[in-house]
Amino acid sequence: MSRRELVAASLLLACAPRSGHPVRPAAWEATPGDWLEQWLAAFNDERASAYPDFVKAYIPALIPYLDDDLGLREATGGFTLLRHEQAAPGQLTAWLRDRNWERFSKAVLSIGDGRIDDLSFLGAPPPGGFAIQRLSEHGAVTQLHQKLEEEVAASRFSGAVLVAKEETVLFRAAYGSQGAGEGLAVTPATRFCIGSMGKMFTAVAILQLVQDGRLRLTGTVASLLPAYPDTALARQVTVQHLLTHTGGTGDFFGAVYDAHAAELQTLAGFIRLFGAREAAFSPGSRWGYSNFGFILLGAIIEQVSGLSWEAYLERHVFRPAGMPATSPAASAGNTASPCTGAARTGLRPLPFYAGLPAGGGYSTIDDLHRFGMALRETRLLDARHLGLLTAASVQAGNSQWSLGLRVSVRNGEAYYGHGGSAPGVNADFAIYPHAGYTVIVLANRGHPHAANVADFVGARLPRAKG
């Protein structure tokens, strides 16, 4: 998960009047409902300048993220307000739906001093009575093809998509450009940054070491990483806490990371910079997504195996699964570069991301399909440890979390997998274990470009029989 995901609430949203001119909050006694109307009007405004003008005038901290916000507006088509309620003074909750897709969201606005102080933006389940009809395999992939053709014609999607029933590929296609301009076309073999999806590989590596008896899920950070600072966190947080994001280990993105990013060349460097922190909450008390926790898992892989985490993944995950195009680093050639912004206002290329145990590596739809098959055929983990990887164990918002993966439901059908997101990057990997389907979507545009596609086809494929 990127910093862009962690602060999505403040990055995505702002408000402006229907006229497109910035409101002067001090001169306007606005209710929370007024601010909701103003924000929605700004976000939905077709004019390219309405939202940026307001941000530049009144929320300058959001200026670095304007390109991401405009890309989100383009992908969603704007929002339709379904309902709203005021739960407390100065706080309003709104339920929204994408105009272009079937995605639902919940926005919580906090109002103070005549402006929006904060806005949390979360996924939300469909409202009662909303239903998507399940189709045949042919019907589902036909509708997927038609929808993608519409999105590509409107310059709203660039990426690669694969749908398979076990080893049989039902749909495999690529769209758009590898860069921000009219350059090389994306192909099914194009490598994409997969963001936090790379955490899947780290989790498999850890469970392999557990399976081999070289590591215990109850082992603590202190017992496994002798160089880690002597803190209560190190003495209390276990491998299982790290895999399930319940250790309170927090993130590393922020001002401290920005100031020292050039120095962070090793996992030991991350630990030196961030290891002295106390836990954000009592380990095991709740779920809280943690990029730093997976940095620690990468360091544990190195300590226990005697290999760098990159070498371990190559030798014990990528090679056995038959994934020649997957690696932590970008490579010259057929690799899509991250792009941010909106097509109609001009996409902007971003640098390639460096891979870490917390994500940021590169792969293809074919390699990820092979990874899924290697899991299902127990070639990477035996049945018991595959169960630990894929069975829900903790509640995580609207979904659940296993020892490394998200476990959730699309239109009544259970799946496990992982997503990935960063500026100019969005990816989604889902295995439906009962129905036998795998859906993989990679995009070189930001969230929710890939997630929308994965939701669309996942909701239409046939459900498991019986």
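User: How many residues of strand β16 (residues 437-443) are buried?

Analyst: Seven of its seven residues are buried, where buried means under 20% relative accessible area with a 1.4 Å probe, protein chains only. Strands (E, at least two residues) and helices (H or I, at least four) are DSSP runs numbered from the N terminus. This is a predicted model, in which local features need pLDDT of at least 70 and side-chain atom pairs count only at pLDDT 80 or more, while totals for chains, interfaces and linings use all residues. Residues are numbered from 1 along each chain as its sequence is written, and side-chain values use heavy atoms, with hydrogens and water left out.

User: Which residues lie on each side of β16?

Analyst: Tyr437, Val439, Val441 and Ala443 are on one side, and Thr438, Ile440 and Leu442 on the other. In a regular strand, side chains alternate between the two faces of the sheet.

User: Which strand do seven bridges join to β16, with Ala164 in it?

Analyst: That is β5 (residues 159-165), which runs antiparallel to β16. Alanine 164 has threonine 438 as its bridge partner. Strands pair if DSSP finds at least two bridges between them.

User: Changing topic, at what angle do helices α13 and α14 cross?

Analyst: The axes, lines fitted to C-alpha atoms over the stretch in contact, with angles running from 0 to 180 degrees between N-to-C directions, cross at roughly 75° and come within 9 Å. The two helices are therefore roughly perpendicular, a label for 65 to 115 degrees.

User: Which residues of α13 meet α14?

Analyst: Gly298, Ile301, Glu302 and Ser305 meet Trp309, Glu310 and Tyr312 of α14, contact being heavy atoms within 4.5 Å.

Terms used:
Parallel < 35°, antiparallel > 145°, perpendicular 65-115°, else oblique. Buried < 20%, exposed > 50% of the residue type's maximum accessible area, 1.4 Å probe, protein only.
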